[in-house]
Structures are given as C-alpha cells and as structure tokens.
Amino acid sequence: MAVDIITKEDLKEFKIELLEDLKKMLSQKAQDKKWLKSNEVRKLLKISSGTLQTLRINGTLQYSKVGGTIYYNYQDIEKMLNQK
C-alpha cells in the first residue's frame, strides 16, 4: 500500500485550480443571466443552503430580496470568487 504525503504547497495549488475551474463554470453557465436565485447559486458553487446563508449573513455575498425570493447578482458572485 503506497502512502502519498500532501504538502501545503499541494493544497495551495489545488485551491488555485479549484477557484479557476469555478470561475470558468460561472462564466460559461450563467453568463447570460444577470440575477440568479438561491438554488441556482447553490448548484453553481456546489454549496449547501447553510453555506449560502452564511455567505449572506457575514456579508461575503451581496443579495437582493424581492417578495420572498432572494436574488444574487452574477457579477457579485464573480467578485466574491476573485477576492478569495
């Protein structure tokens, strides 16, 4: 049984690659839509509803509420990913 050691540099490289892949997905999939609903953002970022709520609460991701529906600006999502 072979054992691989993961270094901090490996994790940093993985993080960078993951963020780049997310940016590509965002630009390809939702580029034509300006506003996304919560379920679309969760699917796009592959996060849970609790994580999305945390992003709203701590101010990481801006949103607008119309009636009972929460909308996210596509550009705000891109901005959040670029800052991280």
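**Entry 1. Ground rules.** I worked from a predicted model, in which local features need pLDDT of at least 70 and side-chain atom pairs count only at pLDDT 80 or more, while totals for chains, interfaces and linings use all residues. Residues are numbered from 1 along each chain as its sequence is written, and side-chain values use heavy atoms, with hydrogens and water left out. I took helices (H or I, at least four residues) and strands (E, at least two) as DSSP runs, numbered from the N terminus.

**Entry 2. S38.** I began with S38, which belongs to helix α2, residues 38-45. I noted its relative accessible area as 17%, so S38 is buried; buried means under 20%, exposed over 50%, and partly exposed in between, with a 1.4 Å probe and protein chains only. I then listed its contacts (heavy atoms within 4.5 Å). Setting aside residues up to four places away in sequence, S38 touches L52, R56, I70 and Y72. With Y72 the side chain of S38 makes a polar contact of 3.4 Å. A polar contact is a pair of N or O atoms within 3.5 Å; within protein, one must be able to donate a hydrogen and the other to accept it, and residues adjacent in sequence count only if both atoms are side-chain atoms. I also checked S38 against T69: they are 31 residues apart in sequence, and their C-alpha atoms are 8.2 Å apart in space.

**Entry 3. The rest of α2.** Which residues of α2 are buried? I found S38, V41, L44 and L45. They lie on the same side of α2, because they cover an arc of only 130 degrees around the axis; the arc is that of the directions from the helix axis to the C-beta atoms. Just after α2 comes K46, with a positive phi of about 55 degrees, a positive value in a residue other than glycine. I placed K46 in the loop between α2 and α3, and recorded it as exposed, at 66% relative accessible area.

Entry 4. For L81 I noted contacts with L19, L22, K23, L26 and L45, apart from neighbours within four places in sequence. As background, I recalled that nonpolar side chains tend to be buried together in soluble globular proteins.

Entry 5. In α4 I found Y74, I77, M80 and L81 buried. Their arc around the axis is only 120 degrees, which puts them on the same side of α4. The face turned away from that buried side carries the exposed residues Q75, N82 and Q83. At the start of α4, a side-chain oxygen of N73 comes to within 2.9 Å of the backbone nitrogen of Q75. N73 itself is in strand β3 and is buried, at 10% relative accessible area. Beyond four places in sequence, N73 touches K34 and W35.

**Entry 6. Aromatic rings.** How many aromatic pairs are there? I counted one, using the rule that rings of Phe, Tyr and Trp (its six-membered ring) pair if their centres lie within 6.5 Å, with planes under 30 degrees apart stacked, over 60 edge-to-face and the rest tilted. The pair is Y63 with Y72, tilted, at 6.5 Å centre to centre and 50 degrees between the planes. Y63 is partly exposed at 40% relative accessibility, whereas Y72 is buried at 0%. R56 lies over the face of Y63, at 5.8 Å from the ring centre; this requires NZ of Lys or CZ of Arg within 6 Å of the ring centre and within 35 degrees of the ring normal.
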